[in-house]
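Student: I would like to go through some of the labels used for this model. Can we take them one by one?

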Amino acid sequence: MCGIVGYVGSEQASPILLEGLSKLEYRGYDSAGIAVFNEGKIEIAKAKGRLAVLEEKTHNGATVHGTMGIGHTRWATHGEPSDENAHPHISNSGRFAVVHNGIIENYIALKQRLIERGFEFMSDTDTEVIAHLFEYYYKGDIMDAMIRVINRVEGSYALGVLCSDYPDQFIAVRKASPLIVGLGEGENFIASDVTAILKHTRNIYYLEDEEMVVLSKDGVTVYNKDKEVVPKDVFTVNWDISAAEKGGYEHFMMKEIEEQPKALRDTISPRIKDGKIVLDDISLTTEDIKKINKIYIVACGSAYHVGVVGKYVIEKMCRIPVEVQVASEFRYCDPIVTKDDLVIVISQSGETADTLAGLKEAKNHGARILSIVNVVGSAIANASDDVIYTWAGPEIAVATTKAYSTQLAVMYLISTYMADKLGMITSGEYARLISEIEALPDKVEEVLKSKEEIQYLASLFYNCRSIFFIGRNLDYAVSLEGSLKLKEISYIHSEAYAAGELKHGTISLIEDGTLVIALATGRDLFDKTVSNVKEVKARGAVVMGVTTKDHDMTEVADHIIKIPSIHETLLPSLTVIPLQLFGYYVASLKGCDIDKPRNLAKSVTVE
Ligand code: F6R
């Protein structure tokens, strides 16, 4: 979704803004723009389409001069993608330029009032009201104007604001939309995402809701709404800059698929010490765990699919009832959550609007929130009682792979940890699980060696119109993810079904040549799934079986993918790898824009 970058320093701002915006392209956008302060005036350049259009229009920024500016990539919500609707938006006098992420919910009423007061609107966006409100409230002090603006608008925002009366400084603020401050030497930055400024600095401030920041080349000061200075801790980002670069790969997605063993090691190893799971990050005591009445898992998309795995695993290991819900439903279903419940919130970005709202809903009911998040200091992390970070590094491809895998790993760690504290597993089983969790990165590495085999299978099926994934229990949970991976990047229709459910309606869609990918990795339900495979075979399906080296599907499957053996509970971590690869290769053979699939954005910051 939308991205923000801001710069003040001694260098020309435009090339820095454009380069920063290019690092935010992965979030998904449809237009881009920059505003730069130059000799007492604000100059604006914006263009519909890819950033390349704006780069061409400005000769890579060379035609827009000045050493302070703000930039934006827009993902349309209010008004179609167009030059007019692209940010920055400017006030009628040209004194203020504004970039905005988020949604101003009361913009229609505000727009009406501003029109009545003579303001002229140039765009269909909600953002433009902010530029005019600044003009309206400004009496010579930009901070006073900012306070009045944020008191007036409802909704979510990260704002960067230039004012032509302030040649050396600009101002920013956030509420329920991410914005960080980058601290350089003789230069300072704002960004909606750390990747945009990683090249320049690793030292950042995280802003709390409604904190305002004034940036000049020599300093940064954060204020609260009472104009009091807020002391901030500098946080040093340890992400490797190469992690946000393609590094010779054709697509980020393949790079990130291959980064999974490392991401898993980084996530697992610090949490296993002397043969024990150590979750220093959280304050949940054994007493707290014993008191948990019920666990809710709330997330969206692939993170929700991790939740589906989590339900099977936690219920089996801890015998605590678990309800897993997509956040967009949970937030509006008046959930029966109490203070005795634990709500596990899962999110890579930590800023998904529905997930954040679900979290707040659960909090309002008094529940304790434990989140699994990849982006440090993100809104979901900040709003949680406890956070366990996945150390996957920046994930750029829209389709998640390494974040999903590390979320699964954290889910295993939590489940095993709680099962031990509850006395639900023997010390032998605990030790076995830990050593198998530790072995996961190597086993994922082993599965990745089957890349060419999967590429060959993709070459047989990339013309399919529809593909079904089936499995039972944990295999069903992974089917959901395999199906999503395929459809979101290859645009092939796909559905995932609990294998035993297909015959209750959907089996009528199976015809000669329909590809069914059958996951049959679990020991206990292997025979049951094989029976379901026979049912689809009998109706003409071509079957690709995914199973472990311990099982034989030769009699029922036309093609077989084998994964190594591992503790039953951990199988999803291996099963998902060939499915990620299959989706990737199918999309690649179809010539799809793999890293930026149509209609999708990396961080979904609107509901
Ligand atoms: C699919 C995918 C999405 C995300 C979902 C939640 O490949 O990436 O389904 O999992 O949008 O995003 P986060 O985890 O950032 O909350």
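Student: Why is Ser 14 called buried?

Tutor: This is a predicted model, and the value is computed from it. Ser 14 has 0% relative accessibility. Buried means under 20%. Ser 14 therefore counts as buried.

Student: Where is Ser 14, and what does Ser 14 touch?

Tutor: Ser 14 sits in helix 1, residues 13-24. Setting aside residues up to four places away in sequence, Ser 14 touches Ile 34, Val 36, Gly 61 and Val 64.

Student: What makes Asn 374 buried or exposed?

Tutor: Its relative accessibility is 1%. The cut-off for buried is under 20%. So Asn 374 counts as buried. Asn 374 lies in a loop, between strand 20 (368-373) and helix 12 (379-383).

Student: Which residues are in contact with Asn 374?

Tutor: Leave aside neighbours within four places in sequence. Then the contacts of Asn 374 are Trp 239, Ser 347, Gln 348, Tyr 389, Thr 390, Trp 391, Ala 392 and Gly 393.

Student: What makes the pairing of the Asn 374 and Thr 390 side chains a polar contact?

Tutor: The two side chains are joined at 3.0 Å. The limit for such a pair of N or O atoms is within 3.5 Å. The value of 3.0 Å for Asn 374 and Thr 390 meets that limit.

Student: How do you know how helix 9 runs relative to helix 16?

Tutor: The axes of helix 9 (residues 301-318) and helix 16 (residues 474-490) cross at roughly 175° and come within 8 Å. Over 145 degrees counts as roughly antiparallel. Helix 9 is therefore roughly antiparallel to helix 16.

Student: What classes of residue meet there?

Tutor: The contact of helix 9 with helix 16 has nine nonpolar, three polar and two charged residues. Among them are His 305 and Tyr 312 in helix 9, and Glu 481 and Lys 485 in helix 16.

Conventions:
Residues are numbered from 1 along each chain as its sequence is written. This is a predicted model: local features need pLDDT of at least 70, side-chain atom pairs count only at pLDDT 80 or more; totals for chains, interfaces and linings use all residues. Side-chain values use heavy atoms; hydrogens and water are left out. Helices (H or I, at least four residues) and strands (E, at least two) are DSSP runs, numbered from the N terminus. Buried means under 20% relative accessible area, exposed over 50%, partly exposed in between (1.4 Å probe, protein chains only). A polar contact is a pair of N or O atoms within 3.5 Å; within protein, one must be able to donate a hydrogen and the other to accept it, and residues adjacent in sequence count only if both atoms are side-chain atoms. Contact means heavy atoms within 4.5 Å. Axes are lines fitted to C-alpha atoms, for helices over the stretch in contact, and angles run from 0 to 180 degrees between N-to-C directions. Angles under 35 degrees count as roughly parallel, over 145 as roughly antiparallel, 65 to 115 as roughly perpendicular and the rest as oblique. Ala, Val, Leu, Ile, Met, Phe, Trp, Tyr, Cys and Pro count as nonpolar, Asp, Glu, Lys and Arg as charged, and the others, Gly among them, as polar.
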